[in-house]
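Subject: Structure handover

Hello,

Here is the structure I promised to pass on. Please open it next to this note; my findings follow below.

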2 protein chains.
Amino acid sequence: TSSPAMEMHGSGRDKFLEYPFVSAPHRDMMIDLISMVEDRLGSQLLPCSLPIDAQYCQNENGTAQASLHIRSGHGSSLVDFILGSWLHCKLPTGASLNITSLLAYLNLSTDAPNFVAEVIQGSPTSLVFLLDLPPRKDLVMHPDYLQTFYENTQLDTHRQMLAKLPEVQPYISSSLYLRHYFSPTAILIRIEVKADESGQMEDIIKSHLNPIAKEVLRIWLDHCACGGREVGEEEKTYLKKRDNMMKNKSIEIDLGSNFPRLFGPEVANRVLGAIREVYNV
Amino acid sequence: TSSPAMEMHGSGRDKFLEYPFVSAPHRDMMIDLISMVEDRLGSQLLPCSLPIDAQYCQNENGTAQASLHIRSGHGSSLVDFILGSWLHCKLPTGASLNITSLLAYLNLSTDAPNFVAEVIQGSPTSLVFLLDLPPRKDLVMHPDYLQTFYENTQLDTHRQMLAKLPEVQPYISSSLYLRHYFSPTAILIRIEVKADESGQMEDIIKSHLNPIAKEVLRIWLDHCACGGREVGEEEKTYLKKRDNMMKNKSIEIDLGSNFPRLFGPEVANRVLGAIREVYNV
């Protein structure tokens, strides 16, 4: 009884939620985060409106696959959109690269921070984990904003906890732009376990990354996504410029460089075009 | 034949340049940096105008001493002021804390970054080293600024070089504000050597910190302190606000918390008052 449009929406969503290439604890963490967002904000979110061939794509020889799921917020919501994605590709070395991410951008009804969680797994024994509420204002100019969203919420305690694990090293992005894009409490770490201990990586995801990711998301839902903040007209103009700059640069640095290489120009243009449409940049 | 004022100026300066409590390589590095600044910019700098009792101070029982030397720029210079300082205090543990720093702030004739070099030595075998050109604009909003001063100058190569030394760990400030104050290429490191190898620390200062500090200062002198950049009137208003915020917060976080504790309220008020006068905040 469902319409073809519903089915298309449904099949892209099912594929996305499969996370077919990552370990069970990794998949569980991403599903937990998406469930938390949808439980709290679902009634404010439209179904994914991406064309089906932008919701899932692969390259010619099947060595690279990606799934993308974007839900925009209703007009009355503070949510601009929620973007979930996974990417899988076989590396020339025989290993696989798996990237899973969940981004949440707010709109101009608030200047509260966005949310980002990303896992970049380059092998069963090594991954990079990014978890942050990227600020939407210049923190040097606005120490009150720093205090409201980063000090009062004690976000840094979670970063400190992970930093104590012996398997954890700081991760420093090669992009200077991204280094400054994140907040001072951002969790930007590389986790390495011994070659014969990939089970230990799964334990770390389950026991440490999952609960901390949920706690940081809970802070974002409580303090950012659900309470509006008055933004004056002049400020709004500035905020829009800054938001657009962040969107443009993040597409350029992340997808813009990897997608054409992995999927060829045609698929890359289709997917990037669909993303730019939702991003409105 | 010199006037009393000249002599007072001279004696405060001599005391400052003594760096009486730090190792020879540490002192050499600071003197090298000051000489480079004065060789290049000296003709644009006024003599230190601090009252003599703010140029040098100590606490009642002599366990804490500090020296401060500030030279403002002429009206036609891009330099707002250059601030050199050292601080020595005996810790209850019997060890000594020594902090030496050189800051250079530019004025509103340019929006180019400032310069900071600081060594915080808590024991003969452990120190924190900060070296950066703190940006004066929001880098998320101004990627062209990031490119001009941080990417094109390849500042990050120096950070990368030091990060490779086995004795080096990243240093993460407890102040979230300071974490964001610095640029994405900032050198913010903790260096630890084994308990019986304080000679190794001196070697690291001499062979690694000194040449890199000079190279970063050379970049600042070539690209920031000597070539003006047009700053529009509206931009200037914003830049002034942001500069003042940086100055206020850095006094508050750094001196404002330590000076009263170390020197008592009377000395602290005198010195902080003299600094605020030069800072113009």
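At what angle do helix H5 (residues 156-163) of chain B and H7(B) pack, and how far apart are their axes? The angle is about 170°, and the axes are 10 Å apart. Axes here are lines fitted to C-alpha atoms, for helices over the stretch in contact, and angles run from 0 to 180 degrees between N-to-C directions. Helices are DSSP runs (H or I, at least four residues), numbered from the N terminus.

First, the ground rules. This is a predicted model: local features need pLDDT of at least 70, side-chain atom pairs count only at pLDDT 80 or more, and totals for chains, interfaces and linings use all residues. Residues are numbered from 1 along each chain as its sequence is written, chains are lettered from A and ligands numbered from 1 in the order in which they are written, and side-chain values use heavy atoms, with hydrogens and water left out.

**Helix packing in chain B**

H5(B) and H7(B) are therefore roughly antiparallel (angle over 145 degrees). On the H5(B) side, the contact (heavy atoms within 4.5 Å) uses B:His158, B:Met161 and B:Leu162. H7(B) contributes B:His208, B:Leu209, B:Ile212, B:Glu215, B:Val216 and B:Ile219. By class, that is six nonpolar, two polar and one charged. Nonpolar means Ala, Val, Leu, Ile, Met, Phe, Trp, Tyr, Cys and Pro; charged means Asp, Glu, Lys and Arg; the others, Gly among them, are polar.

H7(B) (residues 198-225) also packs on helix H2 (residues 24-41) of chain B. Their angle is about 15°, with the axes 9 Å apart. The two are therefore roughly parallel (under 35 degrees). The contact of H2(B) with H7(B) has 13 nonpolar, two polar and eight charged residues.

A salt bridge joins the side chains of B:Asp32 and B:Lys214 (3.1 Å, N to O). The rule asks for a side-chain nitrogen of Lys or Arg within 4 Å of a carboxyl oxygen of Asp or Glu. B:Asp32 lies in H2 of chain B and B:Lys214 in H7 of chain B, so the pair ties together parts 182 residues apart in sequence.

**Chain A**

The axes of H5(A) (residues 156-163) and H7(A) (residues 198-225) come within 10 Å and cross at roughly 170°. That makes H5(A) roughly antiparallel to H7(A). The residues of this contact divide into six nonpolar, two polar and one charged.

**The interface**

Chain B and chain A bury about 2700 Å² between them, 68% of it on carbon and sulfur atoms. Buried area is the accessible area (1.4 Å probe) that two parts lose on being put together, summed over both. In chain B, B:Val140, B:Met141 and B:His180 lose the most area to chain A, together 30% of what that side buries. Each chain puts residues into the contact: 26 from chain B and 26 from chain A.

Four salt bridges cross the interface. A:Arg179 and B:Asp156 also form a salt bridge (2.8 Å, N to O).

Best regards

Definitions and conventions
Parallel < 35°, antiparallel > 145°, perpendicular 65-115°, else oblique.
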